[in-house]
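This report describes the organisation of a structure from its domains down to individual backbone angles. The structure is shown first, and the description follows.

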Amino acid sequence: MERCSLCGTPLRQNDTTCSHCQHPVIKKEQLADPPAPSSSRTWLISTFLFLLLVGGAGFLWYSLKDPVSPEAGQTPSVEALTLSEWSDEQTAYNQTYSKDRPPTSYDVLRFVRQYTRTIPELATYSKEYDSIETFSAIQFTTLNVFESEFKHLERLTDAVDAPVAPSVLAVTFQKFTSKGATYRLRTQETYQIATAKGTMPVTYRVHYRLKVHTDHLQIIDVNRTEVSS
Amino acid sequence: MKRILFCLPLCLLMACTPEASKIQEQLEQQTYTRAVEQSKQDIDEPAARLMVQLERQLAGYQLRDVLKTAEAIERLQLATDHPVRKRAEAIALSAKETLQQVKQFEGTYEVERSTLEDEPFDGTGRIHVSFDEQDTFIATLRFDQFGLPDALRNDEEIIRFEPDFSARVNLSEGQVSYRFVRSTLRVTFEGPGGKRVYQLKQLPENE
């Protein structure tokens, strides 16, 4: 039964005003069809969502399972690397890393390649005239590595007084692994030294151990052996 | 009950989606040695291992070997959008382009113009250039009656170039730099005597 919206007095079917307060009766519009119970609507939406998501999951599973994408045969356009991505245009020593952004494999290799370029300069270190602190300030190796390198670069250090300074000729990277946060790398490095008869190559087999120290790569151990000259 | 019904499809979707493995994450981050370290039984282990090899060769500028390893990676039948496949393809493209340049730069160059502090002088001779098969940027330069008429050079020098095809060689006093540009080779001596530039032009193959 309807009641007056102002005073609550029960109304008869055809009343246009309230018999008690004379408040006009506003007839509510009758819906042609009664609304579906709310529980049925929930079921309908749930079923639709369920089917949609099951279908989506199935499609996702299929596309991930199949090694060849649906666009098989259409090779996605891949562009050549820019020169700076693989050459020494970028200085590896300036790069900083974190746990979330570890160095890529190529970052480590490039770091060592650039380190080999500093070897001829390292060989010029003079215990008599240079300060070890100057070199220890360079953070790409530990002080122990620096001292070890200096000791094992005898052939190069002997040649630094030649008219032409030693230079790096070729570096090959032979074995590269990692264990936890430490990288191990084996290289073969050939340097050119000037002699009275002309230039002569000196080759070393080197084992490096590196890790990210604070936020940059650092060589923490080197084992250098001269193999030929 | 309603909440459970709403959550059910989401749970099902999560269960069907394979969790991105640690290996895949490392392959995407290009930390290939770490991927190898952790992928002994993983399907991506060969891909990670070959990528380490590919990057070693790229770092050593052994571009012919890079192409061989890139082909081996292609034979693994990885998905077209697999990060290893994409990286290997990009590296192979770079290597191919560079090797084409190397092929173009090989040959004999003859002095076309020579200047000393921008004033022409009587430079002469030829340089025969060939690049190493293994180490792509190591070139052998054979000097043939090259230089000043009263001090001609007839010897050979092995020079390591950078990937941009330039090189610097220290002298007892000063330095000499080499740069290939299209079909020319520019040799610049800088020392106490000033800056001496030889501009050499590549000769056609039959000469």
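## Overall composition of chain B

Chain B contains six helices and 10 strands. The model is a predicted one. Chain B comprises 207 residues, of which 33% are buried. Of the contacts in chain B between residues at least 6 apart in sequence, 35% link residues at least 24 apart.

## Domains

In chain A, the domain assignment gives domain 1 (1–27) and domain 2 (95–228). The centres of these two domains of chain A, taken over C-alpha atoms, are separated by 99 Å.

Chain B is assigned domain 1 (21–103) and domain 2 (107–202). The C-alpha centres of domain 1 of chain B and domain 2 of chain B are 36 Å apart. Eight residues of domain 1 of chain B make contact with eight residues of domain 2 of chain B. On the side of domain 1 of chain B that touches domain 2 of chain B, the elements giving two or more residues are helix 5 and helix 6 of chain B. Helix 6 of chain B gives the most to that side, with four residues.

In soluble globular proteins, nonpolar side chains tend to be buried together. The largest nonpolar core here has 60 residues, and B:Ala48, B:Met51 and B:Leu54 have the most contacts inside it. Helix 4 of chain B (residues 45–59) gives the most to this core, with eight residues. When neighbours within four places in sequence are left aside, B:Leu54 is in contact with B:Val66, B:Thr69, B:Ala70, B:Ile73, B:Ala88 and B:Ile91.

A second, separate core has eight residues, among them A:Ile119, A:Leu156, A:Tyr191 and A:Ile193.

## Helix 5 of chain B

Helix 5 of chain B (residues 63–74) has 12 residues, which at 1.5 Å a residue should span 16 Å; its end C-alpha atoms are 16 Å apart, in agreement with that expectation. The buried residues of helix 5 of chain B are B:Leu63, B:Val66, B:Thr69, B:Ala70 and B:Ile73. Viewed down the axis of helix 5 of chain B, these buried residues fall within an arc of 110°, and therefore they line one face of the helix. The cover over the buried residues of helix 5 of chain B includes helix 4 and helix 6 (83–105) of chain B.

## A hairpin in chain A

Strand 3 (residues 198–213) and strand 4 (residues 216–228) of chain A run antiparallel and are joined by 11 bridges. Within this pairing, A:Leu210 stands opposite A:Ile219 in strand 4 of chain A. The two strands of chain A form a hairpin with two residues between them, and A:Thr214 in the turn has a positive phi of about 55°.

## Positive phi values in chain B

Most residues other than glycine have a negative phi. B:Asp118, a residue other than glycine, has a positive phi near 70°. B:Asp118 is located in the loop between strand 1 (107–116) and strand 2 (119–120) of chain B. B:Asp118 is exposed, with 8 other C-beta atoms within 10 Å.

B:Gln145, a residue other than glycine, has a positive phi near 50°. B:Gln145 lies in strand 4 (residues 138–148) of chain B. Is B:Gln145 buried or exposed, given its C-beta neighbours inside 10 Å? B:Gln145 counts as exposed because it has 12 such neighbours, and a residue is exposed if 12 or fewer other C-beta atoms lie within 10 Å of its own.

Key: Residues are numbered from 1 along each chain as its sequence is written. Chains are lettered from A and ligands numbered from 1 in the order in which they are written. This is a predicted model: local features need pLDDT of at least 70, side-chain atom pairs count only at pLDDT 80 or more; totals for chains, interfaces and linings use all residues. Domain bounds come from an automatic or database domain assignment. A residue is buried if 20 or more other C-beta atoms lie within 10 Å of its own, exposed if 12 or fewer, and partly exposed in between; C-beta atoms are placed from the backbone. Two residues are in contact if their C-beta atoms, placed from the backbone, lie within 7 Å. A nonpolar core is a set of buried Ala, Val, Leu, Ile, Met, Phe, Trp, Tyr and Cys residues joined through C-beta atoms within 7 Å. Two strands pair if DSSP finds at least two bridges between them. The expected span of a helix is 1.5 Å times one less than its number of residues. The arc is that of the directions from the helix axis to the C-beta atoms.
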